[in-house]
Protein chains: 2
Amino acid sequence: MKLSEIGEEALIERIIKANNLPKSAPGLVLGAGDDCAVLSQDEHGMFVLLTTDMLTEEIDFRLDLISPYQIGWKSVAVNLSDIAAMGGEPTWTFPSLGFRPDTEIEFVDEIFRGMTECAARYGSQIAGGDMNSVVGEMILSLTQLGKVEPEFLALRSNARIGDRILVTGQLGDSRGGLELLLKYGLDEANRLSAPLVKAHLMPVPRILEARAAVSTEFVNAMMDLSDGLGSDLPKLCKASRVGALIYSDKIPVSPDLRAAAAQLGLDALEHAASGGEDFELLMTVRPEHVDKVIEVVHSKTSTMVSEIGEIIEGSEVELISPQGDKHKLSIGWQHFI
Amino acid sequence: MKLSEIGEEALIERIIKANNLPKSAPGLVLGAGDDCAVLSQDEHGMFVLLTTDMLTEEIDFRLDLISPYQIGWKSVAVNLSDIAAMGGEPTWTFPSLGFRPDTEIEFVDEIFRGMTECAARYGSQIAGGDMNSVVGEMILSLTQLGKVEPEFLALRSNARIGDRILVTGQLGDSRGGLELLLKYGLDEANRLSAPLVKAHLMPVPRILEARAAVSTEFVNAMMDLSDGLGSDLPKLCKASRVGALIYSDKIPVSPDLRAAAAQLGLDALEHAASGGEDFELLMTVRPEHVDKVIEVVHSKTSTMVSEIGEIIEGSEVELISPQGDKHKLSIGWQHFI
C-alpha cells in the first residue's frame, strides 16, 4: 500500500503503534501526538516544549509566489504556532536547511533575515542548525524549543463535554490568499487583496494570545489550526474522546475573504471551515468562563476571539446551520492524500 | 554569488555574523558552531544537548545502495554521533521526514524500525516528529537531544598547544565502502568487503567511547569525524586557534581498507585522511594523560584509540611523513562544493 492510500494521520498512528513509541516516560511528560513534545522541567521548574515542522518547495511554497524573506518568516512562524498551541513561550530556533548548490547566497541571506526577524519578534533566537545540499526541491526543517509553566500547559486531550469552542481571529484568510495567488499570480493577487495574501505568506503565530488565554487557567484544551478546522478539530476531539458541533453562522469570516470568494466564485464559509494555514488558536473552555477568556485575550492583544461551537458526547464533528441542518465538516489538508 | 562558490563553512560563518546569532546567552551555554548546541541545566543539573542533521536522497544515499532499515539506522546514528562528540548521552529523537506520496508504507515501516533500533541501542527514544510529503527526493531531518554533566562537556574550542591528537577506531572504512558501492553496486561490494560496506551503511556512533573518554576528565577538545579528518581537524583547530601536525604513518588504516584500495587502484592513506562519515571521535589530550585515556576507552569498550599527531602553534594543519615531508591535509566533504 502507498502513503497516498493511508494518509498522514493513519501513518503516524501506525508508526507509533508498531514501534511502541512512548506516550510518556521518565523525563518525557508527553511524547508524539500533540502540537509539541513536552519534556521534564528545566532548572526554573518550567516544562520544555519541542516541535519540528518542515516546509518543502512545491508542496508548501512556490518560489514565484513568495519572497525568500517570507519563506524564512513563515518557516519560523509555523513552528512558533505549535509552541503557542501548548500555551508556551518560544526560546530557541534550530533551522536545518537544504539548498541546491546553484542557489544565490543573497537568497539564503534573505531567508535568514526572515527567520531571524520572526524569531526575535516572538522572543526566540537561532541557536544552531544544519546546512545541507539537495539535488531538487529546497527544504526548511525547523526545530523550535519553548517553555511553559506546568500549570499553563494546554493539551489537545483535555476537552470536556459541554465546553464551548473558541477560535482567535478569522478563518480562511490564508486559504483565500492562496487561491488568489494560484489563480492570479503574486502581483495581481496583492492588488486584489493584500491582507489575504499576507495572511498566507506571513502568518502570525498566536503566542501572545495563547499566553493571555492560558494565564486565565480556564483553557481546557488547545491546539493551533494549521491544517484547517475540518482537519484539526477532529484531531482535538479524538484526543479528548468527544464530539463537537460547530455553528456555521458563528465561524468568523472576514469581509476580505467574502470579497475574494465572490471574485473567485467560491464559498467563503466552506473555505473558512476547511482552509489550512490560518495558525489561529482553537480552544475549549467551560461555558461560564467563555466571557472571561475572550475579554482577557482581547484586552491584552486586541485579537478577537469567537465562540463557534460546543463539545458534545460521541465522536462526530458536525457543522450545524441556524436552520438546524447538520453535515460533516469538510476535511482540510492532509499530507500524502 | 552561488552557494557552490562560497561553500558550507563560509556560508554558515556569514549567516552567524549577518544575523548576530548568539554564541551564548542566558539559558544558552553554547550556540551555533560546535557539534551540538548546549542549553542550560535540566532539573538534575545536566546540560541539555541539541543537534540536528539531515540526510537527503541522492546526496547522502541512493536507494539502490542501501536498505530502508539502514537509512533509518544511519539517520539516527549520525545525530547520536554529535551527542557523543560533546561527551553526552542521548535522550530523545525527533524525526522530521519527507516522503513522496507514492512511497510504499512498508518502506516507511522499515525506516522507522531502523531508527527505533539505533535509538534504543544507545539509550534514546523517538518522542515526536513530523511527517511531510515532498515531490522529489526523500528527506530525513532529525533532531536529537542529549544530556551531559557540566564537568564532562567536551568542546571543539579547548585544544591546547602541546596536546596530543587521538582518534577512535580506524579511518576511511566508510569512504572505502562508498567507493566499492559506487563502482560495483550493493551485492558485489558486499562480496568484496562486507565490513567496509557496513561501515558506510550502518555507522556506529561512539557514545560509549565518548563517555569513557570524558569520564577521565582528561579530554581537552573533542568532535566527531563526519566530514573526514581533512575537513574536521581544521574546524577544531580554528575553534581552538591552534594548528596541528598529523603523523601520516600513525593514521589507523584497516587491512580491509588497504585491500579495497588496492582493488580500486586508490591510495588507502589518502582515503583515510580525507574520507567522510567515519563518525569516529577526534580528541586532544595532554601528553601525560594519553595512555590513561587510551586505556580507559579500550578497557570499557574494546575500541582501539590511536595517537595520530599533536596540536601546535599557528593555524596550519599539516600531514608529516616519517621522512619529515609535510603537506596539507586533503579536504574532505563540504556541502555545496
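How many residues of chain A are in contact with chain B? Hi everyone, let's start there. This is a predicted model, and in it 63 residues of chain A are in contact with 63 residues of chain B.

On the chain A side, several elements each supply at least two residues: helices H1 (3-18) and H3 (105-121), together with strands E3 (47-56), E4 (89-99), E5 (125-126), E6 (130-133) and E7 (139-148). The largest share comes from H1(A), with 8 residues.

Now, staying in chain A, have a look at two helices. H4 (residues 173-201) and H7 (residues 255-264) pack with their axes 10 Å apart, at an angle of about 80 degrees. Angles from 65 to 115 degrees count as roughly perpendicular, so H4(A) is roughly perpendicular to H7(A). Among the residues making the contact are Leu180(A), Leu192(A) and Leu196(A) from H4(A), and Leu257(A), Ala260(A) and Leu264(A) from H7(A). Counting the residues of this contact by type gives 9 nonpolar, 3 polar and 4 charged.

Over to chain B, and helix H5 (residues 207-215). Which residues are buried there? They are Ile207(B), Glu209(B), Ala210(B), Ala212(B), Ala213(B) and Val214(B). Their packing partners in chain B are helices H2 (68-85) and H9 (290-301), plus strands E4 (89-99), E8 (164-168), E9 (219-225) and E11 (280-285).

Conventions. Residues numbered from 1 in each chain as written. Chains lettered and ligands numbered in written order. Predicted model: local features only at pLDDT ≥ 70, side-chain atom pairs only at ≥ 80, totals over all residues. Axes fitted to C-alpha atoms, helices over the stretch in contact; angles between N-to-C directions. Helix = DSSP H or I, 4+ residues; strand = E, 2+ residues; numbered from the N terminus. Parallel < 35°, antiparallel > 145°, perpendicular 65-115°, else oblique. Contact = placed C-beta atoms within 7 Å. Nonpolar A, V, L, I, M, F, W, Y, C, P; charged D, E, K, R; others polar. Buried ≥ 20, exposed ≤ 12 C-beta atoms within 10 Å, placed from the backbone.
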